[in-house]
Amino acid sequence: MERPIIEVKKLVRKFGELTAVNDVSFAVNRGEIFSFLGPNGAGKSTTIKILTTLLRPTAGEVRVNGFNAVSEQDNVRHSFGIVFQDPSLDDELTAWENMEFHGVLYGVPKDTRRKRIEELMNFVELWDRKDDLVKNFSGGMKRRLEIARGLLHHPRVLFFRRTNSRTRSANAQSYLELHPKPQQNRGDHNIFHHPLHGGGGTRIEQGCNHRPR
Ligand SMILES: Nc1ncnc2c1ncn2[C@@H]1O[C@H](COP(=O)(O)OP(=O)(O)OP(=O)(O)O)[C@@H](O)[C@H]1O
Ligand SMILES: [Mg+2]
């Protein structure tokens with residue numbers, strides 16, 4: 001069987017005396033949309049920081065796209081894209097410039113880059129606004145642009161932190177909601193969706209192919 005795109009085994013993270021993540025294990029298969037839910041302080045952000053190489057685990061093993069999040073950090077970083085909780089676009093640049101900047105940063109070759117930017121901006125229905133400054137975009141439009149940007153360097157996993165109803169592009173919406181097997185020609189991105197705080201339960205819960213709320 002194919003190896004899961006994300007593998008978390010017996011993950012523990014301590015901050016001094018406090019155990020923020022206590023023996024968490026899960027796996028996400030290729031093509032799967034995975035929601036990671038749990039009450040405040042359950043350790044969701046800490047787990048995602050470890051998956052995205054911003055924090056080291058105290059114990060356990062974490063792999064993204066087959067790469068170890070401690071010993072193969074660069075490979076892990078090139079394997080994922082991320083849409084942050086708060087917009088992280090440059091307001092003073094146009095939508096196209098924001099995309100271009102990200103592409104250069106990730107070393108996407110020029111020919112592929114231009115084509116890919118057009119394809120993705122069409123996908124999130126923003127191509128006709130490509131020369132507008134991002135500061136004039138609505139919240140939902142910024143979110144859509146961030147999704148396009150997060151997919152630019154062909155990541156295998158897209159971390160998506162807390163979506164909301166403002167993501168209104170028909171394409172982006174369907175992509176983020178119920179697309180357990182994204183279209184072949186869009187590659188095989190996975191979405192690791194980290195949507196909510198609060199919401200009952202006493203431990204981290206996981207749900208596969210949940211409809212984001
Ligand atoms: N850098 C840190 N230093 C010390 N304690 C921390 C640190 N980061 C997180 N913690 C603690 O670890 C626990 C888990 O925090 P975390 O941010 O992972 O929770 P969360 O599930 O994302 O919660 P929320 O739903 O509120 O965002 C909390 O008790 C928090 O105070
Ligand atoms: Mg959090």
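Predicted model: local features only at pLDDT ≥ 70, side-chain atom pairs only at ≥ 80, totals over all residues.
Me: Thanks! How many helices and strands does the protein have?

Reply: The secondary structure comes to six helices and nine strands. Those are DSSP runs numbered from the N terminus (helices are H or I, at least four residues; strands are E, at least two).

Me: What is the strand order in the open sheet of four strands?

Reply: The order is S2-S1-S4-S5, with antiparallel pairing. Two strands pair if DSSP finds at least two bridges between them. S2 (18–28) and S5 (67–68) stand at the edges with a single partner strand each, so one side of each is left without a neighbour in the sheet.

Me: How many bridges join S1 to S2?

Reply: Eight bridges join that antiparallel pair, with Glu7 opposite Ala27 in S2. S1 and S2 form a hairpin with two residues between them, and Gly16 in the turn has a positive phi of about 60°.

Me: And on the S4 side, how many bridges pair S1 and S4?

Reply: Five, again in the antiparallel sense, and Ile6 has Val64 in S4 as its bridge partner. S4 (residues 59–64) then pairs with S5 over two bridges, where Arg63 is partnered by Asn68.

Me: Which strands does H1 lie across?

Reply: H1 (residues 44–51) lies across S1 (6–15), S2 and S4, running at about 120° to S1. For angles like that, axes are lines fitted to C-alpha atoms, for helices over the stretch in contact, and angles run from 0 to 180 degrees between N-to-C directions.

Me: New topic: at what angle do H3 and H5 cross?

Reply: The axes of H3 (residues 95–105) and H5 (residues 139–150) come within 10 Å and cross at roughly 25°. H3 and H5 are therefore roughly parallel (under 35 degrees; over 145 is roughly antiparallel, 65 to 115 roughly perpendicular and the rest oblique). Ala95, Asn98, Met99 and His102 in H3 meet Leu145, Ala148 and Arg149 in H5.

Me: What about H3 and H4, at what angle do they cross?

Reply: The axes of H3 and H4 (residues 110–123) come within 10 Å too, crossing at roughly 130°. That makes H3 oblique to H4. Ala95, Trp96, Met99, Glu100 and Gly103 in H3 meet Arg113, Ile117 and Met121 in H4.

Me: Which residues have the most contacts inside the largest nonpolar core?

Reply: Met121, Leu145 and Ala148, in a core of 40 residues. A nonpolar core is a set of buried Ala, Val, Leu, Ile, Met, Phe, Trp, Tyr and Cys residues joined through C-beta atoms within 7 Å.

Me: What does Met121 touch, leaving aside neighbours within four places in sequence?

Reply: Met121 is in contact (C-beta atoms, placed from the backbone, within 7 Å) with Ala95, Met99, Leu126, Trp127, Lys130 and Ala148.

Me: Last one: is Leu151 buried or exposed?

Reply: Buried, with 21 other C-beta atoms within 10 Å; the cut-off is 20 or more, with exposed at 12 or fewer and partly exposed in between, using C-beta atoms placed from the backbone. Leu151 lies in the loop between H5 and S7 (157–161). Across the protein's 213 residues, 36% count as buried.

Note on methods:
Residues numbered from 1 in each chain as written. Chains lettered and ligands numbered in written order. Contact = placed C-beta atoms within 7 Å.
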